Amino acid sequence: MTAYWIAHVTVTDAAAYAGYQALAPAAFAMYGARFLARGGAAEVLEGPVLDRHVLIEFPDLQAARACYRSPEYQNARAQRQGACIAHITIVEGL
């Protein structure tokens, strides 16, 4: 069953965040991820305002979890430490 990463991000240091953006795509590709939304126009109707909203589709829940826990993604994640405020949720599709 398909699974999704839902991420809400506010970048606080664009130069440092660029390191994450350079490394993360390789990790996503390894796990069959497909971006459905990344940035773009958005309207926050409830809750805190965060600048970027990202929706990533994975083949299944196992792939979504494995991607997050992979050394490749954790290396990318380390590049964004202190460069953003991020809320990431993995959810199983219907």
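Student: Leaving aside its neighbours within four places in sequence, which residues is valine 49 in contact with?

Tutor: This is a predicted model, in which local features need pLDDT of at least 70, side-chain atom pairs count only at pLDDT 80 or more, and totals for chains, interfaces and linings use all residues. Residues are numbered from 1 along each chain as its sequence is written, while side-chain values use heavy atoms, with hydrogens and water left out. Valine 49 lies in the loop between strand S2 (34–38) and S3; helices (H or I, at least four residues) and strands (E, at least two) are DSSP runs, numbered from the N terminus. Contact means heavy atoms within 4.5 Å, and with its neighbours within four places in sequence left aside, valine 49 is in contact with Thr10 and Val44.

Student: Is valine 49 buried or exposed?

Tutor: Buried means under 20% relative accessible area, exposed over 50%, and partly exposed in between, for a 1.4 Å probe and protein chains only. The relative accessible area of valine 49 is 64%, and therefore this residue counts as exposed.

Student: In which strand does glutamate 57 lie, and is glutamate 57 buried or exposed?

Tutor: The strand that holds glutamate 57 is S3, which covers residues 52–58. Leaving aside its neighbours within four places in sequence, glutamate 57 is in contact with Thr2, Ala3, Tyr4, Gly32, Ala33, Arg34 and Leu36.

Student: Are H1 and H3 roughly parallel or roughly antiparallel to each other?

Tutor: Axes are lines fitted to C-alpha atoms, for helices over the stretch in contact, and angles run from 0 to 180 degrees between N-to-C directions. Angles under 35 degrees count as roughly parallel, over 145 as roughly antiparallel, 65 to 115 as roughly perpendicular and the rest as oblique. The axes of H1 and H3 come within 7 Å and cross at roughly 165°, and therefore these two helices are roughly antiparallel.

Student: How many nonpolar, polar and charged residues are in the contact of H1 with H3?

Tutor: Here Ala16, Tyr17, Gly19, Tyr20, Leu23, Ala24, Ala27, Phe28 and Met30 of H1 meet Glu72, Tyr73, Asn75, Ala76, Arg77, Gln79 and Arg80 of H3. Ala, Val, Leu, Ile, Met, Phe, Trp, Tyr, Cys and Pro count as nonpolar, Asp, Glu, Lys and Arg as charged, and the others, Gly among them, as polar. The residues of this contact of H1 with H3 therefore divide into ten nonpolar, three polar and three charged.

Student: Which word describes how H2 and H3 lie to each other?

Tutor: The axes of H2 and H3 are 5 Å apart, and the two helices pack at an angle of about 55°. Their contact is made by Cys67, Tyr68 and Arg69 of H2 together with Pro71, Tyr73, Gln74 and Arg77 of H3, and by class it has four nonpolar, one polar and two charged residues. The word for how H2 and H3 lie to each other is therefore oblique.

Student: Is serine 70 buried or exposed?

Tutor: Serine 70 lies in the loop between H2 and H3, and leaving aside its neighbours within four places in sequence, serine 70 is in contact with Ala27 and Tyr31. The relative accessibility of serine 70 is 2%, so this residue counts as buried.
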